[in-house]
Each structure stands twice: as C-alpha cells, then as structure tokens.
Amino acid sequence: MLEVKDLHAFYGKSHVLQGVSLSVGRGEIVALLGRNGAGRSTTVKAIMGLVSAQGSVRFKNEEILGLKAHEVARKGIGYVPEDRAIFPDLTVRQNLVLGIKDPRKRGRWSVEEVFSLFPLLAERAETAGGVLSGGEQQMLTLCRTMMGDPDLVLIDEPTEGLAPKAVEQVGEFLTAVKKRGISALLVEQKLSISLQISERLYLMGHGKIVFQGTPGDLRANEGVRKEWLEV
Amino acid sequence: MEFALISLLNGVTYGLLLFMLSSGLTLIFSMMSVLNFAHASFYMLGAYFAYQISGAASFWAALLLAPLLVGVLGALVERFGIRKAHRFGHVAELLFTFGLSFLAIEVVQLVWGKAAVDYRVPSTLQGTLFTLYSTSYPIYKAFMIAVSVFMLAGLYSFLTYTRIGLIIQAALSRPDMVQALGHDVPRIFTLVFAGGTALAGLAGVIGGNALVTEPGMADAVGPIVFVVVVVGGLGSLTGAFVASLLIGILQTFMVGMNYSFVDFAREIGLDIHSAPLLARLSLTQFAPVMPYLLMVAILIFRPRGLMGARET
Ligand SMILES: Nc1ncnc2c1ncn2[C@@H]1O[C@H](COP(=O)(O)OP(=O)(O)O)[C@@H](O)[C@H]1O
Ligand SMILES: [Mg+2]
C-alpha cells in the first residue's frame, strides 16, 4: 500500500531525514517509534507533501512524492498532525464536515456515524472546537480526518499529553479504524498503545531507521530499547 | 443634535466604504500572509473602469461590470504574479505588490491623464433624500449605504452558509491543515484574492464619484485601510468591520468639529493664554492623524488588535 524508499529531507542545512525506508501493507497498522527529534514527524510530513523531500514514496503503486498536500490527500491518505490543528472558531460539526473532500460521494464514515461511535462529540456538536478539552480535540481531529475516507492514515502522536481516559478513547478509535480495514502509520514515543494495536514497528533515531520488527522483537531486545527509546 | 445625526450617517457611509476595502485586505492578509500593498490600487481601478463603462453604457452596467473586471484582474495578478513571487519569500511578495501599486498609478495616468476625470453620480441618484433643519442628506449617500449593506449581507451569507465559505474560514487559521484534508488551497487563494479585489473595485465604483477619481485616490485611502486591518486584528472580519465603523465615524466627527483643547478649557472656565501648539490644534486639524495614533496605540497595548485571532 505505502512504500517509502531512501527518503531524504533538509531543514536549511540540517539533514533531518537520512535515507528512511519503510512500508505499510493493506489493512496493516504499523508504528513508527523514536525519541523526540528523531525525525518521525518530518517523515510523515514528507509523505504528505507538507515538507519537500528526495527519494521515493509510492502509494497504491504510484509515485506520489512531489505532489501537493491536497493531491496526496485525494489519492487516499489522511493526516492527523501532532498539534491537532482543529479549526477553533468553527463548531465540532463544521470541523467534521470540512474533513469531507467531495460532498457528492459517500465514504465509509458519516457525521452521524462518528457521533454514534463517540457520543462525547455528539453532545458538543454545535460547540466551537476551540473550547473542547485536549482529549476531545484529539478525537475531533481523528474523526475529521476519517471523514475524508482515507485508505491510509498517518497519525502523529495521538496520545501525547492526554489523560489516561482520553488515551483509552484513542485506543478505541484505532480499533475502529483497524476493523474497517484501513491502514495506519502510527507515530508514538513510547511503547504503550502502539504496541497493543500494531503488527509491526519501526524505530527511528537521528533521521534513520535503526530497528524494525514486531512488538515482540522489540520487547525482547533490551539493548536496542535502551539505546534508542528509553531515556 | 442635527450635526450629530448627519455626522453619524456620514461616518457610517465612510466606515462601510472602508470595510468594503478592508474586508478583502484582511481576508487576503490572514489567509495567504500576503501584505497586499496594491489593494487600494484595485479600488482606484474600480473607479476608473466605472467612469469608462458609465460613459459607454450606464452607471448600472458599471456597478455590475467594473467590480467583475477588477476581480478578474485580481485573479490574474494572484495566479501569475503573487504565486510566482511567493516562491522567493515574503519580501519578494511585498516588493511585488509595492511595485504593482506604482505600476497602477503610471498606467492610470497614461490612459486617463494626471487630472481627475469627470466621473459623476448618475442623474437618477442626484438630489436630496431629506433635509434635517438646514442640512440636506443626499440620495447618493443612502445608495452607498444600501450597496454596502447588501454586500455585507452577501459576504456574511457566503462565508457562513456555503461550503467554500466554510473552507475559507478554516483556512484563516490553518491553511496547511485545510490543504492536508484534500482542499485545493492555492485555488481558493486565487478565489479569495479575486473576491477581495472585486470588493475593492466595488468600493471604487461607488466611492469614486462621491469623492474624486484621480491618480492619487489610491494613496489617499490605502494607509487608512491598513490601519483598519491592524486595529481590527488579523484574521478577523468582525474586527475589520468594527474598526472600519469606528474610524469612519470618529474621523467624520472630528473633521466636523472646530474645537480644541483650549476651547474646552475656556468652556469650563479656565482661560489659558499661553497654551502649547498641540493644545491649540482643533479636532479638525487632528483628524488625519487620528487613525495612525489609534494604530500605534493598538500595537503597543493590544498587538492582536480588537478581535484578532493571532499576533500581528
Ligand atoms: N520547521 C523546522 N525547522 C527546522 N528544524 C526543524 C523543524 N521541524 C523539525 N526540525 C528538526 O528536525 C529534527 C526532526 O524533528 P521531528 O521530525 O519533528 O522529530 P520527531 O517528530 O521525531 O520528534 C529535529 O532535530 C527538529 O529540531
Ligand atoms: Mg514529532
């Protein structure tokens, strides 16, 4: 489904991505782990066309590197940024509606369905997005992206800074995604929920992939964990 | 009382005209981060186009066609000028629009000459609507208010009730995210630029004959429009609306009041003989400075403007 090969990216002169290669299969949930500053967000933004990069990104057997972000989105990739980026002045419902790319087509998710899955959002349908709690905003961003009916979602640190209860909700959301056969690349810092839900994982350090395998492989490999993950 | 009422009406008329200019500028500024120095040039072009079309056809044709023409011109400028300049950064963009404003003046002088042209209020709209004591209120000013209110309602409905309007509102705060959701943001930029310049053109059509249509008209209003945007706050149409009316009304009142600090002192019984120059200036003389003082004060005490969504 997604095939990233030898991806390089620069911020000015600093070489932030140094040949990243990874893949996500159809219906697969893959985690991208690493410490802060490892280059995970940049990888995801490069795939999305939000930062310029060299190398190759193939999606459904088609090269998409160099496309603009809205073209990438229209190929079927959804993006949930780490800063959530909800539209604070618009209502929850309007935020969701903006996730729809083409109002004439019906996707796998509708506003009503999202509301029935996450009643918390339904209660606040007409509230401005800006006044929601952190956890509610995270759910809103996730659901907004799903309204665009993507086949693959890139989710950047969805549980960062959330209370345990909200983290649990994000977990429920990811289960719902998986049940519908949607692929996901899940950026996380810790092993927590990403491990329960993902089949495979990549570990990033200093702009490179330093380890790949199953969650079990990583759990068994204390050396790698100590060097690249835990503080 | 009579002075207050007429001044208020005049102030509202002027304020609404300012909003017609500042609404486009604030949309362009907050969505695209483009400080469009040439915005008032589109206002000038609107007036000149209207003068031309009025002569060839009628004022009513001009009212419809001139803003449209200006909007198309705006779209072309965005698509083939600003978007190209954007690749070289904000300074290049700024210089481009700066150059454009000079170009507009030169072209206008070349085509229509350096003197003011005879762009007049159509005869059907000439005359007095009502007379209050000794002051008469012209039909045309009421017409200007009507056009402005119509435009205001149209803009509001467009932004609130259409899908594109919603996308524009969202892009005011996070254009990058709107694009990542699959919306063609560059195309929407062109649309907003066209719409914003068309509104400036419309202001030119109804303002050019009420005031004066000459090559200096862009420079006369341009700085004030910037002040309105800064005072109102970036990214806020409501802010631009409030600031437009505020500055419009304040300035109109001040122009009409030949009243200084010294006069005020006399009135409360103080007789000042050697007052400093500043205290002797009348409000009328002070009026042109007021918008800029307001802007400086806002930048110092409330940098995000009256209702701004982000810092200036
Ligand atoms: N906009 C930017 N400008 C300059 N450097 C940046 C920018 N964004 C990120 N970086 C740098 O790039 C590196 C990778 O950052 P990022 O991809 O955000 O890492 P992660 O998401 O894994 O924490 C870091 O060293 C960070 O400081
Ligand atoms: Mg990050």
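Which residues coordinate the magnesium ion (ligand 2)? In this predicted model, where local features need pLDDT of at least 70, side-chain atom pairs count only at pLDDT 80 or more, and totals for chains, interfaces and linings use all residues, side-chain values use heavy atoms, with hydrogens and water left out. Residues are numbered from 1 along each chain as its sequence is written, while chains are lettered from A and ligands numbered from 1 in the order in which they are written.

The magnesium ion (ligand 2) is coordinated by Ser41(A) through OG and by Glu82(A) through OE, at 2.0 to 2.7 Å, donors being N, O and S atoms within 2.8 Å of the metal (3.2 Å for Na, K and Ca); water is not among the atoms, so the site may look incomplete. The pair links distant parts of the chain, 41 residues apart, with Ser41(A) in helix α1 (residues 40-48) and Glu82(A) in the loop between β6 (77-80) and α3 (92-98) of chain A; helices (H or I, at least four residues) and strands (E, at least two) are DSSP runs, numbered from the N terminus. Ser41(A) is buried, at 14% relative accessible area, whereas Glu82(A) is partly exposed, at 39% (buried means under 20%, exposed over 50%, partly exposed in between; 1.4 Å probe, protein chains only).

Between chain B and chain A there is one salt bridge, in which the side chains of Arg174(B) and Asp83(A) meet at 3.1 Å, N to O (a side-chain nitrogen of Lys or Arg within 4 Å of a carboxyl oxygen of Asp or Glu). On the side of chain B that touches chain A, two or more residues each come from α6 (163-173), α7 (175-180) and α8 (185-208) of chain B, and α6(B) gives the largest share, six residues.
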